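Look over the structure first, then read on.

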Amino acid sequence: MRRWMAPVTTAAIILIGALVWFAPFVSRSREPISSTGASPPFSNVTPVRLPASSVLCMTDVTIDTDARIAQFTVIPGASPAPPLRVSANGPDGYHSPEVDVPGGQRNAGPQTASIRPPTHPVIGEICVRNAGRVAISLVGTTEDRTSGREQAVIDGAHIKPDVQLTLLARGHRTVLQEVPAVMRHMAAFKGSFVSAGLLWILLLLVVLGVPVLVVRAVAASGRP
Amino acid sequence: MSTDARGRSPSRDLRKRIRVRVARSARAAAGAPRPLVLLLVVAAILSLAWSLSVPGFQAPDEEPHFAYAQYLAETGSPPHLNVGTGSLSTEAKTAVQTAQLHSLVGIPGARPAWTSADLRLWKDQEARIGSGQRSDGSGPNRAGANPPLYYLYEAIPYRASLWGDLYTRLLAMRLWTGVLMVLTVAMVWAIAGEVFGPDRWRQTVAAGVTALQPMLGYIGSTVSPDGFLAFIWTAFVLVALRILRRGPSLRRFLALGVLAAASMLTHGRGLAIVPPLIVVLLVAAWRYRAAGQPDWRRHLGWATAAIALAAGPVLAWRLLHHIEPGGGGLYGSQASFAGTHFSVKQLVGVTWQFYFHKLPFMQARIGPDYGYRQVFIETFFGTFGSLEVRYPAWVYDRLQLGAAVGLVALVATTAWHAPAFRRNIDVVVVLSTVGLSMLALLHIASYLNLLQAPGDPVFTGRYLLPLISLFALAIAWVVGALPRRASLVTGAAVLGVGVLMSLAALGLSAARFYA
């Protein structure tokens, strides 16, 4: 019996699987999330009504240096959606001026507004002003499981629901392009001795070490 | 310093004994078979990767399990099931909120906090946390119905890493569970050795399947008693096989009793170890009495000691631990018969429809459309995060097909090798009892829960992890029975697929949480 048959089979399966399954996955383009202001509802939507001329602010929101787009979901009433104005503020003088979001939508759906990112990550607020003459609702939630650090405020008064808000980086990126960011993000909140450098080493061990070690184990199992 | 009659100090003797033991273990490790060593390294890498790649409290029920261990480590008492000052300690609540971890659970569109601003916020908050804020998570905790053994085990890394922040302690606890996952792989190697003899190829396949089972890698590297239970059951199977293969001894019987007690003191599902314990003792008695062993009466005494060893701590736990109103019966949901209308006919119907289509005379199954595919395929091979990270559907379809082919091959191999099967009937009976006992308990617990809450079957693939050694043995048995060339190709292909599934699971999880 040829000794190479088993390890070559294992290696071939891994290589073929990597090409057929992993390559399309890591090269698929997606909108990278910069941070989550407030999680979307898990099952129950609580519409948050924003009257004309009122301002809704989501406070205690992380705004990272790559945050370029604020995304939230609007639910127009009987009339078409009014225009909105979105701004961002934070400590150390961070301010992203108001940008217009045109109205006119008749159906519920996501809305986006460009924001200017801060020079360093801040915990600030994203505000949405109703610049029209009719009220509009935004998708919110009172579910305990989606409740986070953020607080929603309308015209200075706290409200119970959180308003779903996601900050996106600009453009589309593949998972492969996101790997350095993934390593940085993964290192956060993992304890004192975990760094992105350590995770790069671990990534190499997983991606290269595991297949090689399994192939070698298969090869070694045939020896006396 | 005290000395004995020969002028030696006891502590010096102890140190010498430890040195001898360590040296012996090191020699044994150095002489370990190469494939085993390589697979243990693989298991360790995967375990480390899982521990680091999953954000805190995102594994199933990791929040209550951590809270239980923290409260136990801080106060010496388990938390309450239904009452208390808070499910999480103030420290854990603050940590979870600052890192946006609670609102992350099960919601694919959400991401945890990861910026330097978030870390600064946590450092500021952490500086204000004292020991009082670490020990005020007295409940209600839904893991409060669980016995304390796993949480005692986790209290060790928790206390040892008290110098660090909560995330350092959580990571230490995950890594500590991961050690058991690696040991589980080693034990499966030994189990395959007991069943198949020194057959390197079958041992490699069995241990490799275990090391590369994605769900074991994931659950076995988070704060969860499921990985601990998998370790205990695997050790139990190993000791049981050693009793059957190598003969009874006091140490083996005591080990069997300790492991049975450990299983029952870990989780309600651990109660399923009682039938296998009894069957192992009966089969051993039958086998060694039939073989005319003069010592069988002494062995019977040891077996009784094993049962007492298993039952004693469990009874003590139940007597000392106050059962709270509304907390279900023994162990809460896993073994609660209180307030239900148990019907054997209905149980059979519900269980039948879990696997097959409904027969005309049966009532419709209670609860959601949930069956063997969801449990034996999807959640056994891998559904990660808090069930929201999944392989593509085609992967589960092919796994289901592979499992069906494997099952047919298992039956065919068994029929083909019937004489060998009969020669090892004692091993077959014990292993079958191990599997059937756990499955029976899971089906009964699921049925009882469906009676009370028809939407929740309380039966998921990770509950099958204690049977990981049987899964690995079945694959190794089929692979090893094939003609040599086919055996090599099939076994090698199975391990190749295992690598792909493990890497894919880690990649999908990393992309879901951090991209």
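## A helix crossing in chain B

H8(B) passes H20(B) in a right-handed crossing. A crossing is right-handed if the near helix is turned clockwise from the far one by less than a right angle, and left-handed if anticlockwise. H8 covers residues 166–196 of chain B, and H20 covers residues 468–481 of chain B. Helices (H or I, at least four residues) and strands (E, at least two) are DSSP runs, numbered from the N terminus.

The two helices pack at an angle of about 50°, with their axes 10 Å apart. Axes are lines fitted to C-alpha atoms, for helices over the stretch in contact, with angles from 0 to 180 degrees between N-to-C directions. H8(B) and H20(B) are therefore oblique to each other. Angles under 35 degrees count as roughly parallel, over 145 as roughly antiparallel, 65 to 115 as roughly perpendicular and the rest as oblique.

Contact means heavy atoms within 4.5 Å. From H8(B), the residues making the contact include B:Thr184, B:Val188 and B:Ile191. H20(B) contributes, among them, B:Ile468, B:Ala472 and B:Trp477.

## Model and confidence

This is a predicted model, in which local features need pLDDT of at least 70, side-chain atom pairs count only at pLDDT 80 or more, and totals for chains, interfaces and linings use all residues. Residues are numbered from 1 along each chain as its sequence is written, chains are lettered from A and ligands numbered from 1 in the order written, and side-chain values use heavy atoms, leaving out hydrogens and water.

The model scores ipTM 0.94 and pTM 0.92. pLDDT is the predictor's confidence in each residue, from 0 to 100. Its mean is 91 in chain B and 94 in chain A. Over residues 325–330 of chain B, pLDDT stays under 50. Where pLDDT is low, the predicted coordinates should not be read in detail.

## Where the chains meet

In chain B, 70 residues are in contact with 60 residues of chain A. The two chains bury about 5900 Å² between them, 74% of it on carbon and sulfur atoms. Buried area is the accessible area (1.4 Å probe) that two parts lose on being put together, summed over both.

## Two backbone details

A cis peptide bond joins B:Gly139 and B:Pro140, with omega about 0°. B:Pro140 lies in the loop between H6 and H7 of chain B.

B:Phe57 is not a glycine, yet has a positive phi of about 65°.
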